Amino acid sequence: MSKKPIYMDHHATTPVDPRVMDVMLPYFTEVFGNAASTDHSYGNEALRAVEKSRQQIADGIGAKPEEIIFTSGATESNNLAIKGIAEQYREKGNHIITCVTEHPAVLDPCKKLESQGFEVTYLPVDHYGMIDLDELKNSIRYETILISIMAANNEIGVLAPLAEIGKIAREHNIFFHTDATQAIGYVSIDVDEMNIDLLSMSSHKVYGPKGVGALYARKVSPRIKLAEQVNGGGHERGMRSGTLNVSGIVGFGEAVNLAIKLMPKEVVRLRELRELLFDGLKKEIEGIEMNGHPEKRLPHNLNVYIPGVEARSLLVQIKDEVAISTGSACSTAKVEPSHVIKALTLNDDRAYKSLRFGLGRNNHIENISEITFLLARKVNGILKLKI
Ligand SMILES: *Cc1c(COP(=O)(O)O)cnc(C)c1O
């Protein structure tokens, strides 16, 4: 078998950490009970495991376990947060504020709500990908019920000033939701300190299994109610029905626990690797530029613009050796230039010529020189053909 390409697309997904998998295994076979069937020990044991995971996840963001609602992933969490608030608090107002560079799992529910009579303000971003807090304040109306701004962008890694946004939201009595899918394990989050009312996360972005996620929804001051989006047996305090994915939830809890524990060292290690990678690429490739903010970004994210080189044709040439991408997996399916890069510069050309690296737990220093060398060779080959 030929050597597998080096995986550097950790914003799209991550492998399950072997330590997480070990904890999950018994829950497929021996401990297979339904966590809602508590008339016997099978169900009780499953329930205990679910509650342990709920505690681990709550601990990761400074929340209480009863504020965690398990879902199938961040897409569902975002839908539940945004549509759940909109439907529940429609009497209070019909206006939502979000941002143009959000993930489609935020933008699409907002568009859906627009078709149902809600009004949505999509804040623009500057060339770093940051929103302007004064613009946020100015866009608040009497009817505004929700501000939804992601904690860390999945394409360019830019970090939002969560505490500042939370403060503005709280001063105006508006709920604050953040899609923190990419931030968990890289940025310290405390929902109380930051005045976050709702927070979405996903297991498979933090070295846990796919198909499981969570929504944090504040329970006191304010006590948040959400109109449920999946009706059924009334699981998860009536906010999300359906038999719980016990093995997935157990893995998710352990994955968050591990990610928070490893965070101090991993953040430093990954940032160093990312800087080495960018320094190497800058030496070899003329005119290459970083997309996003130089400092206010995820430590493991690098997004670069390479003038004169179509990202897609470059990716085809290197795909047997390294797995990187042009941006979000969702826009990859559509073959459209990234809406995030476009928003930075209002420039389609830059979006077609940008690449995203997402470094991860299994990447090491040897990968960096290997990738720098390969990319330099291919890029300079493409540019030479053009002359
Ligand atoms: C991956 C991702 C999602 C979607 O998460 P799933 O669990 O795959 O549904 C949502 N938001 C952001 C920022 C993401 O990176």
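**Entry 1: charges and the model**

I began with charge. The protein chain carries 45 positive and 49 negative side chains, and the centres of the two sets lie 2 Å apart. Here Lys and Arg count as positive and Asp and Glu as negative, while His and the chain ends are not counted. I placed each charge at NZ of Lys, CZ of Arg, CG of Asp or CD of Glu.

I note that this is a predicted model, where local features need pLDDT of at least 70, side-chain atom pairs count only at pLDDT 80 or more, and totals for chains, interfaces and linings use all residues. Residues are numbered from 1 along each chain as its sequence is written, and side-chain values use heavy atoms, with hydrogens and water left out.

**Entry 2: the whole chain**

I looked up the secondary structure next. The protein chain has 12 helices and 12 strands. These are DSSP runs numbered from the N terminus: helices are H or I with at least four residues, strands are E with at least two.

Then I checked the overall dimensions. The C-alpha trace spans about 70 × 55 × 35 Å along its principal axes. The radius of gyration of the protein chain is 21 Å, which agrees with the value near 21 Å for a compact globule of 387 residues. That radius is taken over C-alpha atoms, and the globule rule is 2.2 Å times the number of residues to the power 0.38.

The accessible surface is about 17000 Å², and 53% of it belongs to carbon and sulfur atoms. The areas come from the Shrake-Rupley method with a 1.4 Å probe; for residues, only the protein chains shown count as cover. Of the 387 residues, 56% count as buried. Buried means under 20% relative accessible area, exposed over 50%, and partly exposed in between (1.4 Å probe, protein chains only).

I also looked at contacts, meaning heavy atoms within 4.5 Å. Among contacts with a separation of 6 or more, 73% are between residues 24 or more positions apart.

**Entry 3: an aromatic pair**

How many aromatic pairs does the structure hold? I find two. Rings of Phe, Tyr and Trp (its six-membered ring) pair if their centres lie within 6.5 Å; planes under 30 degrees apart count as stacked, over 60 as edge-to-face and the rest as tilted. I looked up Phe32 and Tyr42: their ring centres are 5.3 Å apart and their planes stand at 45 degrees, so the pair is tilted. Phe32 lies in the loop between α1 (18–24) and α2 (41–61), and Tyr42 in helix α2, so the pair ties together parts 10 residues apart in sequence. Phe32 is exposed at 53% relative accessibility. Tyr42 is partly exposed at 45%.

**Entry 4: the loop between β7 and β8**

I moved to His204, in the loop between β7 (198–202) and β8 (213–217). Is His204 buried or exposed? His204 is buried, with a relative accessible area of 18%. Thr14 is 190 residues from His204 in sequence, yet their C-alpha atoms are 5.9 Å apart. Leaving out neighbours within four places in sequence, His204 is in contact with Ala12, Thr13, Thr14, Pro209 and Lys210.

Tyr207 is in the loop between β7 and β8 too. Tyr207 has a positive phi of about 65 degrees, although it is not a glycine. Tyr207 is buried at 4% relative accessible area.

I picked Ala214 in strand β8. Ala214 is buried, at 0% relative accessibility. Beyond four places in sequence, Ala214 touches residues including Ile68, Phe70, Ser77, Leu199 and Phe252.

Next I looked at the loop between β8 and α7, where Pro222 is found. The peptide bond from Ser221 to Pro222 is cis, with omega near -5 degrees. Arg237 is in the loop between β8 and α7 as well. Arg237 is not a glycine, but its phi is positive, about 55 degrees. At 39% relative accessibility, Arg237 is partly exposed.

**Entry 5: two more residues**

I found Ser247 in helix α7 (residues 246–284). Ser247 is buried at 9% relative accessibility. Which residues is Ser247 in contact with, leaving aside neighbours within four places in sequence? They are Met24, Tyr27 and Phe28.

I ended at Leu159, in the loop between β5 (144–148) and α6 (162–171). Leu159 is partly exposed, with a relative accessible area of 23%. Val187 is 28 residues from Leu159 in sequence and 8.9 Å from it in space, C-alpha to C-alpha. Val187 is also one of the contacts of Leu159, as are Met130 and Lys296, among others.
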